[in-house]
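Here are a few friendly notes to read alongside the structure. Take them one at a time, and keep the 3D view open as you go.

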Amino acid sequence: MRGMSLIVKNTTRLVAGFIALFGAYIVLYGHVTPGGGFAGGVIVAGALVLVVLAFGERFSREVISHEVVRASDAAGALAFLGVALFGYLAPNAGAFFANFPDLLGTPGNLLSAGTIPISNLAIGVKVGAGLFGVFLALALFRRRGEQRLMVPDAGRLDSEAQR
Amino acid sequence: MDPVLALLLVLIGFMVVGSLVAIETRGLLSSVISVGAVGFALSVVFLLLGAPDLAITQVVVEILVLVVLVRVVITRRDETYATSRSTLAVGSVLLMLGILVAVVFWALGASGGAGLQMRPFGNPLLNEIGPAATMAPVGATADAQADRPETIPQSIGGAYLQEGLKRTHAANYVMGIVLDYRGYDTLGEATVIFVSILGAYAVLRRIGRHSHARDEPDR
């Protein structure tokens with residue numbers, strides 16, 4: 001997959017950072033304003049997809065490889081599980097997913113609500129990396145398999161995919 | 001009529017039409033675009049019903065899915081198959097649908113008369129606080145009975161609204177419920193996403209993992 005035209009590339013340079021920033025804001029402020037880990041993660045994934053669509057697969061090879069994406073997907077899932085297990089350390093009665101809401105901050109601040117922001121962050125990383133990984137898989141993996149599967153049309157499909 | 005309700009009805013009609021177009025249209029690309037239009041209408045519906053969290057999620061997921069689907073569809077050869085439908089099957093399905101609509105209309109008491117009364121729009125059950133139930137648990141003494149509050153929320157949602165901020169310190173009640181009260185649920189959802197993405201990788205990877213596949217130059 002090659003990149004797109006100069007106009008698309010320049011617009012992407014201007015916009016992609018702000019989209020990713022908005023995604024991070026949605027993730028980090030999930031416990032204060034509407035949003036949360038899932039929505040913010042999808043926005044971050046959208047920014048990455050925009051960059052890959054505009055600049056081609058060179059970006060995914062040189063900046064964020066598919067291995068990194070898969071690793072952060074798994075790391076996000078494990079971090080969420082870790083937050084759940086962290087609940088066993090609760091002061092009075094430890095339990096799975098126990099929260100520590102009283103430890104720091106007042107409701108409405110960024111630092112509040114105990115483990116909820118940490119869970120949001122883990123889910124954001126997990127969802128963003130997962131969806132971006134699926135996009136990479138759809139965009140990059142598919143072509144070779146198709147060549148082998150559809151032998152009669154292989155040449156035609158390949159020239160179309162190159163376009 | 002309530003303007004919000006009127007707008008909702010218009011949007012729902014638009015979604016029904018869009019879904020039908022998505023199913024019946026010939027081109028794969030126009031089908032994908034119709035699905036996208038239905039999704040955006042759904043996000044506006046969520047916004048009107050007072051669920052901004054869902055609306056945000058719906059919009060961003062819709063955009064990403066639309067991009068991915070267009071990317072997949074646009075390089076694939078568009079093959080359409082002409083299928084003929086038997087008149088009897090379509091006619092009986094339409095007849096059954098009509099009977100279903102009539103029964104639902106009667107059962108929900110849309111005319112305001114007999115039948116189960118549907119709650120009025122915009123006044124969900126979880127907003128209501130009613131008198132405490134009179135049935136005491138088995139073995140409860142009179143003292144325990146006296147300790148119980150006069151009024152209790154009618155549903156579990158009311159309890160969340162009363163206690164949520166105090167217990168979880170999360171100003172966004174949705175997150176307080178999703179990540180605190182219902183943490184198990186969210187963990188299960190995360191597992192579902194994880195497994196489905198794993199399945200996508202397994203399906204989409206190169207056919208087989210031979211050693212000579214790595215020798216090909218990476219384009």
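1. Chain A has six helices and zero strands. Reading from its N terminus, the order of elements is α-α-α-α-α-α. Please keep in mind throughout that this is a predicted model. Of the 163 residues of chain A, 39% count as buried. If you take the contacts in chain A between residues at least 6 apart in sequence, 67% of them join residues at least 24 apart.

2. Now for a pair of helices inside chain A. Two packed helices are described by the angle between their axes and the distance between the axes. For helix 1 (residues 6-28) and helix 2 of chain A, the angle is about 165 degrees and the axes are 8 Å apart. Angles over 145 degrees count as roughly antiparallel, and helix 1 and helix 2 of chain A are therefore roughly antiparallel to each other. Their crossing is left-handed.

3. Which residues make this contact between helix 1 and helix 2 of chain A? On the helix 1 side they include A:V8, A:T12, A:A16, A:I19 and A:F22. On the helix 2 side, A:G37, A:G40, A:G41, A:V44 and A:L50 are among them. Sorted by class, this contact has 16 nonpolar, six polar and one charged residues.

4. Is A:V125 buried or exposed? A residue needs 20 or more other C-beta atoms within 10 Å to count as buried; A:V125 has 22, so it is buried. Leaving out residues up to four places away in sequence, A:V125 touches A:G41, A:S72, A:A75 and A:G76. A:V125 and A:A45 are 80 residues apart along the chain, yet their C-alpha atoms are separated by 9.4 Å.

5. The loop in question runs between helix 4 (66-86) and helix 5 of chain A. With 23 other C-beta atoms within 10 Å, A:T115 is buried. Its contacts, not counting residues up to four places away in sequence, are with A:V83, A:F86, A:N99 and A:F100. From A:T115 to A:F100 is 15 residues in sequence and 6.5 Å in space, C-alpha to C-alpha.

6. Turn now to chain B, which has eight helices and two strands. From the N terminus on, its elements run α-α-α-α-β-α-β-α-α-α. Chain B has 219 residues, of which 13% count as buried. Among its contacts between residues at least 6 apart in sequence, 39% join residues at least 24 apart.

7. Helix 2 of chain B (residues 28-48) lets you check a length for yourself. At 1.5 Å a residue, its 21 residues should span 30 Å, and the end C-alpha atoms are 31 Å apart, which agrees. Which residues of helix 2 of chain B are buried? They are B:V38, B:A41 and B:S43, and these buried residues pack against helix 1 (3-24) and helix 3 of chain B. After helix 2 of chain B comes B:G50, with a positive phi near 85 degrees.

8. How do the two chains meet? In total, 37 residues of chain B are in contact with 48 residues of chain A. On the chain B side, helix 3, helix 6 (156-168), helix 7 (173-181) and helix 8 (183-204) each supply at least two residues. The largest share, twelve residues, comes from helix 3 of chain B. By class, the side of chain B that touches chain A has 24 nonpolar, seven polar and six charged residues.

9. Finally, look at one helix pair across the two chains. Helix 2 (residues 37-55) of chain A and helix 3 (residues 52-74) of chain B pack at about 30 degrees, with axes 9 Å apart. These two helices are therefore roughly parallel to each other, and helix 2 of chain A passes helix 3 of chain B in a left-handed crossing. The residues in contact include A:F38, A:V42 and A:V49 from chain A, and B:I56, B:V60 and B:L64 from chain B. By class, this contact of helix 2 of chain A with helix 3 of chain B has twelve nonpolar, two polar and no charged residues.

Technical notes: Residues are numbered from 1 along each chain as its sequence is written. Chains are lettered from A and ligands numbered from 1 in the order in which they are written. This is a predicted model: local features need pLDDT of at least 70, side-chain atom pairs count only at pLDDT 80 or more; totals for chains, interfaces and linings use all residues. Axes are lines fitted to C-alpha atoms, for helices over the stretch in contact, and angles run from 0 to 180 degrees between N-to-C directions. Helices (H or I, at least four residues) and strands (E, at least two) are DSSP runs, numbered from the N terminus. Angles under 35 degrees count as roughly parallel, over 145 as roughly antiparallel, 65 to 115 as roughly perpendicular and the rest as oblique. A crossing is left-handed if the near helix is turned anticlockwise from the far one by less than a right angle, and right-handed if clockwise. Two residues are in contact if their C-beta atoms, placed from the backbone, lie within 7 Å. Ala, Val, Leu, Ile, Met, Phe, Trp, Tyr, Cys and Pro count as nonpolar, Asp, Glu, Lys and Arg as charged, and the others, Gly among them, as polar. A residue is buried if 20 or more other C-beta atoms lie within 10 Å of its own, exposed if 12 or fewer, and partly exposed in between; C-beta atoms are placed from the backbone. The expected span of a helix is 1.5 Å times one less than its number of residues.
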